Amino acid sequence: DEDQALVDGDAPLLGDAAAEGPLPVVAIVGRPNVGKSSLVNRILRRREAVVEDVPGVTRDRVAYEAEWSGRRFTIVDTGGWSVDATGIHLRVAEQAEVAVDLADVVVFVVDAKVGSTDDDEAVVKLLRRAGKPVVLAANKVDDERTEADALALWNLGLGEPHAVSALHGRGSGDLLDAILDVLPEVSAVAAPVESGGPRRVALIGRPNVGKSSLLNKLIGTDRVVVDDVAGTTRDPVDELIELGGRVWRFVDTAGIRRRVHQTRGADFYASLRTQTALEKAEVAVVLIDAQESISEQDIRVVQQVIDAGRALVIAYNKWDTLDEERRYYLEREIERELVQVPWAPRVNISAKTGRHTDKLVPALERSLESWDYRIPTGRLNAFFGEVVAAHPHPVRGGKQPRILFATQAGTRPPRFVIFASGFLEAGYRRFLERRLREEFGFEGTPIEVSVRVRE
Ligand code: GDP
């Protein structure tokens, strides 16, 4: 997994789009087993299924960048949403509701062989109400003989059923053309990416760590505006708050306050909310309840920030409740459990009393500065030159891969590409990453290092 993070280098969803605005979002919705994941893979031109539909497994990552006919968009895969982390089955309509909130265009996938079911009808109602463009995909039309099955889906009242076979690829080009026909240039639902606008912060953490308490505290002291963000969203999703002499946009705050789903599928919604908030944010404050042992869920949230490529601040909340002993054990837990983020700035706060909440701003600024930072290519290569001279890659099978050239391919977060004359071992790549951090800091941001092998 670690290797993946180093070599895979998936572009952050908003990174390069920053100049033109956020990419439009397409959500794939449908009952379990209609072939959503296969269709997503087809669109991403990937052979293998990314993740199987294993009951009890919620996918952390739900959004991918896709391209067709020279247009880029974000695709939201709801394929893994049928069962939440606690094993609770979610109604298809519930999934669809969330997906529709997130999307500019909805692709509704129906199994043409089965025809429309009651579940499908329920989703249709919801889609009509939402008023977003819908493209109907009639899947599993593997050959001409089954095309009549697709035609039967006209009666859903969603317009033309596009016959596809996600498995074989049949019809997927036409489906993509139909999507592009209704796709806006710039997303109306993803957060606006104005450069120079307020920086966007996501307040995340598992339930009950104190997110809404902190939000209230921050608003209570220095509230400026509660704005209804322009666009199609119904809720005022973001709040603008002035802190430390500067306005910040706290994204998806409606998600923090909305508690309707907390009884059923709470984990699922928490994790999904985290994901969507992260996509809109530049920096995340992960709240951890310092009273309690650091849990797997806390670690998962931190990992989500890294995977999303966002800047990170860790806030240990409820500090007012800690005694000497708990403080001692907390430090041990941090050393043990959060080894992957020694670079994250840390603040010890109390949302209740307001203790040290003023330290959040300098931490946010530090992390964002690292997130934005670009090392000039000359300096980067001089640095790698020195590092490699002092610590060359070990010789393997009589060969020694050399580093030819390195460049910083992007920022937000910093992404590096190293060109090498041969495969670099994972351990050596980690060493290079560590040295990069030692030299340039990057406090508060994940960095990505990928290696391209030149023959
Ligand atoms: P959320 O689910 O993350 O939004 O958490 P809440 O803000 O609803 O807080 C959960 C519980 O923790 C509530 O009972 C809060 O009153 C309590 N709480 C939140 N922050 C603090 C804090 O700094 N100190 C103490 N003692 N309690 C807190």
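## Burial and overall content

A residue is counted as buried if 20 or more other C-beta atoms lie within 10 Å of its own, as exposed if 12 or fewer do, and as partly exposed in between, with C-beta atoms placed from the backbone. By this criterion, 42% of the 455 residues of the protein are buried. The model is predicted: local features need pLDDT of at least 70 and side-chain atom pairs count only at pLDDT 80 or more, while totals for chains, interfaces and linings use all residues. Numbering starts from 1 along each chain as its sequence is written.

The protein has 14 helices and 16 strands, taken as DSSP runs (helices H or I, at least four residues; strands E, at least two) and numbered from the N terminus.

## Ligand shell

The shell around the ligand holds 16 residues, of which G210, K211, S212, S213 and K352 come nearest; a residue belongs to it if its C-beta atom, placed from the backbone, lies within 6 Å of the molecule. Helix α7 (residues 211-222) supplies the largest share of this shell, 3 residues.

By class, the shell has 4 nonpolar, 8 polar and 4 charged residues. Here Ala, Val, Leu, Ile, Met, Phe, Trp, Tyr, Cys and Pro count as nonpolar, Asp, Glu, Lys and Arg as charged, and the others, Gly among them, as polar.

## The β14-β15-β16 sheet

An open sheet of 3 strands runs in the order β14-β15-β16, with mixed pairing; two strands pair if DSSP finds at least two bridges between them. Its edge strands, β14 (403-410) and β16 (448-453), each pair on one side only.

Strand β15 (residues 415-420) pairs with β16 in the parallel sense over 6 bridges, and V417 stands opposite S450 in β16.
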